[in-house]
Amino acid sequence: MDFNELGLSPAVLRAVQDVGYKEPTPIQREAIPVVLTGRDVLGCAQTGTGKTASFTLPMIDMLSQGRSRARMPRSLILEPTRELATQVSDNFEKYGKHTKLSMALLIGGESMDEQMRVLNRGVDVLIATPGRLLDLYDRGKILLNDVKVLVIDEADRMLDMGFIPDVERIVGLLPPSRQTLFFSATMPPEIRRLADAFLTNPKEITVAPPASPALTVAQALAVVPDEDKREALRRLIRAENVKNALIFCNRKKDVDILHKSLSKHGFSAAALHGDMPQAKRTETLDAFRHDQVRLLVASDVAARGLDIAFLSHVFNFDVPINAEDYVHRIGRTGRAGREGRAFMLAAPEDGPAVAAIEKLIGKPIPRVEVDGMESLELDMSGRRRRRSRAQPREDERKSRGADRKPAEKRRRREPQPKEEPRIETAAPAEAPAPVQAQAPRPSRAEPQRDNRRRKDEGDDKAVVGLGDHVPAFLMRTYKVPARKAEAVEN
Ligand code: ADP
Ligand code: MG
């Protein structure tokens, strides 16, 4: 199918052609004609499937009619992070270059004055993170009663980051007679309920089954002692032909620790997490995109939705707490039909979390050994023996003493890269049938979408899904109408 069958204007089609897209992605193919009719859309498609253009392209055409008034934006796009908001504004610039549309970006960490100046002139498109938008609204600097189109993008990330109360409040400030477009990479029940609250008779579009990694990503899993994971990672990076890689940790604190450790060992590495100032985040991402930094250590929240082309590798330094995050993480490589490689390091106690991932993706992840390192079996009992990687507890250190040297000591004796024996890492693509593939144990394996999710990116400061605030409509018992049970509505 061709872009020019979707009902877009010649000006937008020309911009699309300039960008070089050959044909619309499935979500674009289905969503664009519906958005153009003015109907609400509930779109669910994996990260990297082109959801942004599925709303920006038709919006450019819809907004080319009519005029904006001072401080009253005509459309509003909510994004969970500053990076994602910036990406969407880049999209508007690219696709809207033959159209005269004004746009403002309201994100934390940027100068408020400049953002206000643009807003005061009147904008067609306002792209904002929820917090900054409410901040300006509360100061009376912005009026939302002229918003005709609302986009809630990356809704599942909004939930993870605790933005739902803000989003609800914003939606309450908008005129009810508006078009609402709601996009998410996954559709857990909480997100489904929000969609039902925000949308009116939406066209539901679900493309690829959620949680299916691209076939071009070769996956592998190494099970090593928790305290050896940093060393295992270094060995893997050296053994693999890593052009550039994202390395995921579950906690912000570990992002910092791992980044420092990799740098100390001479790797070109940078860190990205939600606590960093905006300028630093932008600078880090630019350096990574321009190959000035080879390894980017990141948390899920910081990396979600980031569009970084041509990643050769993804390393899961931690087994993600939620199985869906595994698919999102490894989906950062193997994009657009390219080959990618995804390695995960697991400690034995990560057994249940690994089983949950394997159940979700419907197959075992091939096991590999990191040469020269102890390789263990997963423990499926679900017993945690986690401790802070930074500081092993004194009692643990002692109890390990007799048969194991503390990890730090062994590490000091680690040979320098040059003298290191050649490391043979089984290529995941050709990995033999998984050694002792653990049959997933469904009951135990299922990760619970509970408080643990809130630990997603905060060890000390838990990131809260709905926070203390539970909206009234969530407290109501909810019956799924038959129609909604279907993935795709026709
Ligand atoms: P999502 O929001 O679904 O995660 P994005 O909108 O960020 O995905 O798009 C991911 C990448 O795909 C971007 O680099 C974008 O430029 C590219 N892309 C989008 N649409 C097309 C298309 N029709 N053909 C080729 N590449 C596309
Ligand atoms: Mg997106």
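## Salt bridges across the model

How many salt bridges does a search of the whole structure find? In this predicted model, the search returns 21 salt bridges. One of them pairs Lys97 with Asp18, whose closest N and O atoms are 3.0 Å apart. Because Lys97 lies in the loop between helix H4 (82-95) and strand S3 (103-106), while Asp18 belongs to helix H1 (residues 10-19), this pair ties together parts that are 79 residues apart in sequence. Asp18 is partly exposed, its relative accessible area being 43%.

The buried residues are Ala323, Asp325, Tyr326, Val327, His328, Arg329 and Ile330.

Asp325 also takes part in a salt bridge with Arg157, the closest N and O atoms of the two being 3.3 Å apart. Since Arg157 lies in helix H7 (residues 155-160) and Asp325 in helix H14, the pair ties together parts that are 168 residues apart in sequence. Both partners fall under the 20% cut-off for burial: Arg157 has a relative accessible area of 0%, and Asp325 has one of 1%.

## A buried pair and a network

Arg367 and Glu358 meet through their side chains in a salt bridge with an N to O distance of 2.7 Å, and Arg367 and Glu358 are both buried. Elsewhere in the list of pairs, Arg69, Asp146 and Lys148 are joined into one network by salt bridges that share partners.

Definitions and conventions:
Residues are numbered from 1 along each chain as its sequence is written. Chains are lettered from A and ligands numbered from 1 in the order in which they are written. This is a predicted model: local features need pLDDT of at least 70, side-chain atom pairs count only at pLDDT 80 or more; totals for chains, interfaces and linings use all residues. Side-chain values use heavy atoms; hydrogens and water are left out. Buried means under 20% relative accessible area, exposed over 50%, partly exposed in between (1.4 Å probe, protein chains only). Helices (H or I, at least four residues) and strands (E, at least two) are DSSP runs, numbered from the N terminus. A salt bridge is a side-chain nitrogen of Lys or Arg within 4 Å of a carboxyl oxygen of Asp or Glu.
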